[in-house]
Amino acid sequence: MDRQQNILIIGAGLCGSLLALRLGQRGYNVNVYEMRPDLRKEDISAGRSINLAFSNRGNKAMKLVGIENKVKSLCIPMHGRMIHDTHGNTFQSNYSGRDHEYINSISRGDLNALLLNEAEKHKNVNIYFNKKCKSVDFEKTTALFKDYHTKDEFIEDADIIIATDGAGSAMRKSYYLGKKFLFSFSQEYLTHGYKELTILPKENGDYKIHKNALHIWPRGSFMLIALPNLDGSFTVTLFLSYSEGDYNFNNLINEDIVLEFFQKEFPDALTAMPNLLDDFFTNPTAPLGTIKCSPWHYKDNTLLMGDAAHAIVPFYGQGMNASFEDVVEFDAILDKHEGNWETVFSAYEKTRKKDTDAIADLAIDNFHEMKDHVANPIFQEKRKIEMALEKEFPNEYSSKYSLVTFNEDIGYREAMLKGRAQDKAILNMLSDGVISSEDAIEIIFEKVKTETAAILEDDRIAGLH
C-alpha cells in the first residue's frame, strides 16, 4: 500500500480538519485548502452558529484520533431542554432517564482550532488558507483555486481529492455541471430562516439563565433557542418564517416591531438581552436547507464528505456529529480495503448514505417537535413515560432521541425506524387510553414493547424498511 499518496482536501472546517488529522495519522501526504482566513488568527464567525451540540457520535471520532480529553475541556454539559412559556415560567425535560447521558454545548471555533492544531502536528499535513476552490476536474483529479490575497488562479493535482467544503461545495457543483455521469442532487429549504443573537454574561461573568440546559421558547410556528458558552454568554438563535404569521423576518424591519415581538413572545429572554436590537439588525438572516445527492464519488478519484454530501437542518444537533461519524465510518472502510480507492469510496457510500438520509429526515421531524410539540400535554406525557422507562429499564429501553444521540454503535437509519415505531406506539396508546403515566411502569414497558414490535412488523410487510 502506497502511503506516500497525495490527498487533497477542500475545506478546513470541522469535517475537513478532522479528516486531515486522521489521514495524517495514517501516513498520507495531506494538503488542505480553505477559502476563509485562519480562524485561529482572525474572527470569522459572523452569521455562523457559534456553538454546536456535541454528543456520542462526535465523541467516537475524538476517541479515534486520541483527543477526547482535550475536547472535553471545551464542553458544557446540557442535561435537557429547559422549556420557557410566554409568562417566563420554565420546566426542564431531560434528554434521558439515564444520568450519564447528556449532550454538550461546544464552541465551533475552539473545536475547529483544536483540530487544525492537532492536524498540523503531523509533518505530512499542510493547511493553506484564503484559497477558494472554483471548480474540480474530477477526471484529471485536479482542482482550480483562487488566492484571495494575490488574486492569482492556480491548479493543484493529487492522487485523491476529498471535498469537505460544506453545503455550497464547489466539487459537488462540478459533478452537477460536468454532466459526465448520472448525478442526482436535491436541495430543499424550510420556509423558516434563522438569526443569531446573544445573551451576554452578568457583570461578574456568571450566566443569566440556567447554565446546563438547552433553552427553548417553543411557540408553535417559530421558536427561540439558547446554548451556553464557556465565557458565561449564551448563543441565542431565532427560527422564524420569512413571510408567514403575524411576525416574520420580512416584517420585523424596525426596532419597535422587534421589541413588540420579543415582549409578547419571549419576555424573559428580552429582559436578559439589552443588546437585542444591535444583534438583530447587525447579524444576517440565513436560510435552512437539506441537501441530498448521489453518487458521492467519481471512480477512484474524488469523494464528497460531510455537509458537501449531506447538509441537514440543525434541529437534532447532529450535523457536526454526523460529519465526524463520516470520518469514523470512512476510517473503518479504509481498514478493510486500503489501497483500492474505488472500492473504499463505493463501500463507504453504500454503508453511509442510508444513515445520512435518515438523519436528514429526523432533523426535520425534530424541527416540528421543538417549536411545537414540546409544549403539547400529550407529548409531555410521552416524554414522562420515556424517562421512566429509561430509568427503570436502562439496558432495555431507549427513546428515539436516545437511540439517535447516545447509541453511537447503531446507525441513524436503524435508530429512526425503531424510534419512530416506539413514538407511534406510545402516542397511539396514550390517545386511546390504553396507557397513562400513572400506570405501573412494568405494565407500560410490556405494552410498549408489544405494540412497537407489531408496528415494526407492519412497516416491514408494507415495505417501509
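Searching the whole structure turns up 0 disulfides, a disulfide being a pair of cysteine sulfur atoms within 2.5 Å. Keep in mind that this is a predicted model, where local features need pLDDT of at least 70 and side-chain atom pairs count only at pLDDT 80 or more, while totals for chains, interfaces and linings use all residues. Residues are numbered from 1 along each chain as its sequence is written, and side-chain values use heavy atoms, with hydrogens and water left out.

- Cys293 is in no disulfide either, and the nearest cysteine sulfur to it, that of Cys15, is 13 Å away.
- Cys133 counts as buried at 9% relative accessibility, where buried means under 20% relative accessible area, exposed over 50% and partly exposed in between (1.4 Å probe, protein chains only).
- Cys293 is buried too, with a relative accessible area of 2%.

**Helix H2 and its packing on H10**

- H2 covers residues 56–65 and H10 covers residues 319–337; helices here are DSSP runs (H or I, at least four residues), numbered from the N terminus.
- The two pack at an angle of about 45°, with axes 7 Å apart; axes are lines fitted to C-alpha atoms over the stretch in contact, and angles run from 0 to 180 degrees between N-to-C directions.
- That makes H2 oblique to H10, since angles under 35 degrees count as roughly parallel, over 145 as roughly antiparallel, 65 to 115 as roughly perpendicular and the rest as oblique.
- H2 passes H10 in a left-handed crossing, meaning the near helix is turned anticlockwise from the far one by less than a right angle (clockwise for right-handed).
- From H2, Arg57, Gly58, Lys60, Ala61, Met62 and Leu64 meet Asn321, Phe324, Glu325, Val328 and Asp331 of H10, with contact meaning heavy atoms within 4.5 Å.
- By class, the residues of this H2 contact with H10 split into 5 nonpolar, 2 polar and 4 charged; Ala, Val, Leu, Ile, Met, Phe, Trp, Tyr, Cys and Pro count as nonpolar, Asp, Glu, Lys and Arg as charged, and the others, Gly among them, as polar.
- Buried residues of H2 include Arg57, Ala61 and Met62.

**Helices H14 and H15**

- H14 (residues 412–431) and H15 (residues 441–461) cross at roughly 120°, their axes coming within 8 Å.
- H14 and H15 are therefore oblique to each other.
- H14 passes H15 in a right-handed crossing.
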